[in-house]
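This report is meant for a reader who is meeting the structure for the first time. It begins with the overall make-up of the chain and then turns to selected places along it.

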Amino acid sequence: MTRKLLFTLIFVFATQAILLGLISYYGWAAIPATILTTSRWLTLALLIYLAIQRKSLTTWIVVSMFIGCEIGYSFPQAALKLDVLSSIFLRLIKTIIAPLIFSTLVVGIAAHSNIKQVGRMGLKAILYFEIVTSVALFIGLAAINITRAGEGAVVEVQQAQVDRANKLISEKESHNVVLDIFPENIAKAVAEGQVLQVVVFSILFGIGLARLSDEKKKPMLQFAEGLSDVMFKFTDIVMYFAPFAVAGALAYAIASLGFGILKNLLMLVLLSDWSSYRSG
């Protein structure tokens, strides 16, 4: 089957499934549930075949979105248990952050002999980040207040989440926030996911390593470079799990909140992308 024919079939079957769904939803005609399900599943089968042919992770992620929607709609009881897939993916992503930040910062700082030049580059990067972030924040606030995206979405908050939030607020009220920037134990900072503390430690470690002689800093610099390469490969492996996480997250969201939540989420995503584009 040629690629052009495959895209044509997908367009035809997808259009047919959408039209049948709209006709049934608005009650214009009585369409058996078997026909509606068959039309959707044929479209999904063609999309899966397209993903197999293209062998692209991006294609699989897009296809998994539709698969997740179908699972959440057709098998809601099973879909409520698929939230674990997205939780696994997020946990794997969190394991990447600390070692990747450490290795890249150490290599970036220690590999340069001129620390002053690195400092100037860092200050420029921080200044640029602050300006762009502030612009994006104001654009996002204006857009969300104008469009009111997210209004009408009913999200059930579990009592355990409320208790955890209240506990964090009470802890922060009696705690000096500035102290959270500086680590007292790097292993503890990594375990608790304190990214800012990991960044501060990595910067100081990189500066200290750069001040050593080439003979002494070479083994540690090679280790940091190897760790960086490994973590990038680790990221590639984790990303192969992304389609399962997307399908599980959408299936759980639709099974628990219904299709109405997709409209609000889509509006938020579009506004976020637009704000990033305008600020960038």
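Helices here are DSSP runs of H or I with at least four residues, numbered from the N terminus. With that in mind, the place of K55 can be given as the loop between α2 and α3, the latter covering residues 57–74. The model shown is predicted.

**The chain as a whole**

The chain contains 12 helices and 0 strands, and its elements, read from the N terminus on, run α-α-α-α-α-α-α-α-α-α-α-α. Of the 280 residues in the chain, 23% are buried, while the accessible surface comes to about 19300 Å², with 68% of that area belonging to carbon and sulfur atoms. Among the contacts with a separation of 6 or more, 73% are accounted for by residues 24 or more positions apart.

**Two loops**

In the loop between α2 and α3, K55 has a phi near 55 degrees, which is a positive value in a residue other than glycine. K55 counts as exposed, because its relative accessibility of 72% lies over the 50% that sets the limit for that class.

A further loop, between α1 (3–25) and α2 (33–54), holds Y26. Y26 also takes part in a nonpolar surface patch of about 760 Å², which is made by I18, L19, L22, Y25, Y26 and W28.

**Helix α10**

Helix α10 spans residues 214–239, and its 26 residues reach 36 Å from the first C-alpha to the last, close to the 38 Å expected at 1.5 Å a residue. Its buried residues are K217, L221, A224, S228, M231 and V238, and these pack against three other helices, namely α5 (83–110), α9 (195–210) and α11 (242–257). As background to such a pattern, an α-helix has 3.6 residues a turn, so residues three or four places apart point the same way.

**Salt bridges**

Side chains of opposite charge can pair when their charged atoms come close.

| Pair | N to O distance |
|---|---|
| E70 and R40 | 2.7 Å |
| E184 and K188 | 3.1 Å |
| D214 and K217 | 3.8 Å |

The salt bridge of E70 with R40 has its closest N and O atoms 2.7 Å apart. E70 lies in helix α3 and R40 in helix α2, so this pair ties together parts that are 30 residues apart in sequence. E70 counts as buried at 8% relative accessibility, whereas R40 is partly exposed, with a relative accessible area of 22%.

In the pair formed by E184 and K188, whose side chains meet at 3.1 Å, N to O, E184 counts as exposed at 70% relative accessibility, and K188 counts as partly exposed at 37%.

The remaining pair belongs to the helix described above: D214 and K217 are 3 residues apart in helix α10 and are therefore separated by about one helical turn. Are these two residues, D214 and K217, buried or exposed? D214 counts as exposed at 58% relative accessibility, while K217 is buried, with a relative accessible area of 10%.

Notes: Residues are numbered from 1 along each chain as its sequence is written. This is a predicted model: local features need pLDDT of at least 70, side-chain atom pairs count only at pLDDT 80 or more; totals for chains, interfaces and linings use all residues. Side-chain values use heavy atoms; hydrogens and water are left out. Patches are made of residues with over 30% relative accessible area and no salt bridge: like charges are joined within 9 Å, nonpolar side chains (Val, Leu, Ile, Met, Phe, Trp, Tyr) within 5 Å. Accessible areas come from the Shrake-Rupley method with a 1.4 Å probe; for residues, only the protein chains shown count as cover. A salt bridge is a side-chain nitrogen of Lys or Arg within 4 Å of a carboxyl oxygen of Asp or Glu. The expected span of a helix is 1.5 Å times one less than its number of residues. Buried means under 20% relative accessible area, exposed over 50%, partly exposed in between (1.4 Å probe, protein chains only). Contact means heavy atoms within 4.5 Å.
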